[in-house]
Amino acid sequence: MQITVKINGTDYEGDVEPRLLLIDFIRSQVGLTGTHIGCDTSSCGACTVIFNGKPMKSCTMFAVQADGTEIGTVEGLKQGANLHPIQTAFHEKHGLQCEFCTPGMMLVGASLLETNPNPSDDEVRWAISGNICRCTGYTNIVAAIQEAGRSIATAGGSWS
Amino acid sequence: MLAKLAEVGEEGRVLAGGQSLIPMMKLRLATPSYLVDINKLTDLAYVRQDNDHLAVGALARHAEIAELENLADFSPVMADVAPSIADPLVRNRGTMCGSVAHCDPEGDWNSVMLAVGATVVAVSAEGERTITIDDFIVDFFTNSLQAGEMVKEVRVPIPPGRKGGAYLKLHRKVGDYATVGVATHLEFDDAGKISKAGIGLTSVGPHNLRAAEAEAALVGQDPGEELFDHAGELAAASCEPASDVRGPAKYKRAVVKEYTKRGLLKAANGSN
């Protein structure tokens, strides 16, 4: 089936089998490998993308269902030569170790900050509760998302 | 769409959120030959008051239900369960009607639907029919839909008087299935006596169970801890838990007793 998906603002066309998962389309056909395959069972959130404005698991939908939709991946976070504030904060607060969960964590974090620019610990932990990290113990991830919120507020604007 | 569903018959499955169906297909636990994707039927993406009931359309996502303003005024037990379904990413995609149709005994929504006495609206190329939730839930992953039928809407009655409800869920982590879940729903008459009681149980039987004897023991009574303790005993006696990785049957039965009591207390104390 012919599909057209707008990913990070660019239209990508593909001829896909109906059974192809969205994550496999993004990684193998489009070639954007920042989105990861972790558990492949809807449990870990490594495959998180922003699907029509909301974070979802791209391992649990079919590529054909993304026809005509807009998707954001981790590659779409940076603006030109500048890192997104969430990327800077993950760097500065050491919000990652092996980095496998990081794309999903950053997308969920950035999505949270759009509606809640100054989240509490509990609110961040609630927002990332669908994303598993096996390295950090989450403490620095929470700190990084909160730091990004402060830096967006200081810059006087939101990123999208 | 309904013509296509009729054409593929028993070989077809409706795909809404897919948050249960797609993982099951990956594990080959579900092997439909055809999927009929309803995600572009955006007319079905509603949660709204419709006279005396709350109408939840086939494409209403868990997150949209959880975010509904005044949900607790319509149904306290729905407001309690909605934020605890799966995890935030799944809630953005999965649907309540899909969960109801899926009839997973470890699913939370059907216990709530039993407690509130919901009705399922099924539609096919031949027309519509309504099915009580008790008749809809048949067995382990089995509903009473016929080939070519799909769930179009679930209707939750809005009680006219004072009511309360709670969903208590014991689970190992966010996103895991409930070890035990108990949905409670109470309605009160003008004198403060319980006029209607609903109790639904998750993960302690081949499908979500109604604790009918416990419900009957509550109706006509004044709310109180002793009464709720008794109802908890009846609910625990009526369930059929199995020992598994989440705990032995005896433990689950004890949790049903305690959670039924606590849920009823919460329902009575937080009623509006």
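How far apart do the C-alpha centres of domain 1 of chain B and domain 2 of chain B lie? I looked that up before anything else, keeping in mind that this is a predicted model. The answer is 23 Å.

**Chain B, the two domains**

I noted the bounds next: domain 1 of chain B covers 2-157 and domain 2 of chain B covers 163-269. Then I went to where they touch. Domain 1 of chain B puts 24 residues into contact with 26 residues of domain 2 of chain B. On the domain 1 side, I find at least two residues each from helix 5 (76-81), helix 8 (109-116) and strand 7 (137-139) of chain B. Helix 8 of chain B gives the most to that side, with six residues. I also sorted that side of domain 1 by class and got 12 nonpolar, six polar and six charged residues.

**The nonpolar core**

I asked which residues have the most contacts inside the largest nonpolar core. They are B:V112, B:V154 and B:V256, in a core of 125 residues. I then checked which element gives the most to this core, and it is helix 3 (residues 102-115) of chain A, with seven residues.

Setting aside its neighbours within four places in sequence, I have B:V154 in contact with B:V56, B:M96, B:C97, B:V100, B:M113, B:A118 and B:V120.

I moved on to strand 12 (residues 194-202) of chain B. Is this strand mostly covered or mostly open? Mostly covered: seven of its nine residues are buried.

Strand 12 of chain B pairs with strand 11 (residues 180-188) of chain B in the antiparallel sense, over eight bridges. One bridge I wrote down joins B:A183 to B:G200, the latter in strand 12 of chain B. The hairpin of strands 11 and 12 of chain B has five residues between the strands, and in it B:G192 takes a positive phi near 90 degrees.

Strand 12 of chain B also pairs with strand 13 (residues 209-210) of chain B, again antiparallel, over two bridges. Here I noted B:L209, in strand 13 of chain B, as the bridge partner of B:L201. This hairpin of strands 12 and 13 of chain B has six residues between the strands, and B:S203 takes a positive phi near 65 degrees in it.

**B:A237**

I stopped at B:A237, which sits in helix 11 (residues 225-238) of chain B. Why does B:A237 count as partly exposed? Because B:A237 has 13 C-beta neighbours inside 10 Å, while buried takes 20 or more and exposed takes 12 or fewer.

**Chain A overall**

Chain A has five helices and five strands. Reading from the N terminus, I get β-β-α-β-β-β-α-α-α-α. The radius of gyration of chain A is 15 Å, which agrees with the value near 15 Å that a compact globule of 160 residues would have. I took the span of the C-alpha trace of chain A along its principal axes as about 45 × 30 × 25 Å. Of its 160 residues, 48% count as buried. Among contacts in chain A between residues at least 6 apart in sequence, I see 61% joining residues at least 24 apart.

**Helix 1 of chain A**

Which residues are buried in helix 1 (residues 22-30) of chain A? I list A:L22, A:I23, A:F25, A:I26 and A:V30. These buried residues pack against strand 1 (2-7) and strand 2 (10-15) of chain A. Just after the helix, A:G31 takes a positive phi of about 90 degrees.

**Domains of chain A**

Chain A is split into domain 1 (2-76) and domain 2 (85-155). I get 21 Å between their centres, over C-alpha atoms. The contact takes 14 residues from domain 1 of chain A and 11 from domain 2 of chain A. Strand 3 (residues 48-51) of chain A gives the most to the domain 1 side, with three residues. By class, that domain 1 side has seven nonpolar, seven polar and no charged residues.

**Between the chains**

Last entry: 15 residues of chain B are in contact with 16 residues of chain A. On the chain B side, helix 2 (21-26) and helix 6 (88-91) of chain B are the elements that give two or more residues. I sorted that side of chain B into six nonpolar, five polar and four charged residues.

Terms used: Residues numbered from 1 in each chain as written. Chains lettered and ligands numbered in written order. Predicted model: local features only at pLDDT ≥ 70, side-chain atom pairs only at ≥ 80, totals over all residues. Domains from an automatic or database assignment. Contact = placed C-beta atoms within 7 Å. Helix = DSSP H or I, 4+ residues; strand = E, 2+ residues; numbered from the N terminus. Nonpolar A, V, L, I, M, F, W, Y, C, P; charged D, E, K, R; others polar. Core = buried A, V, L, I, M, F, W, Y, C linked by C-beta atoms within 7 Å. Rg over C-alpha atoms; globule rule 2.2 N^0.38 Å. Pairing = 2+ DSSP bridges.
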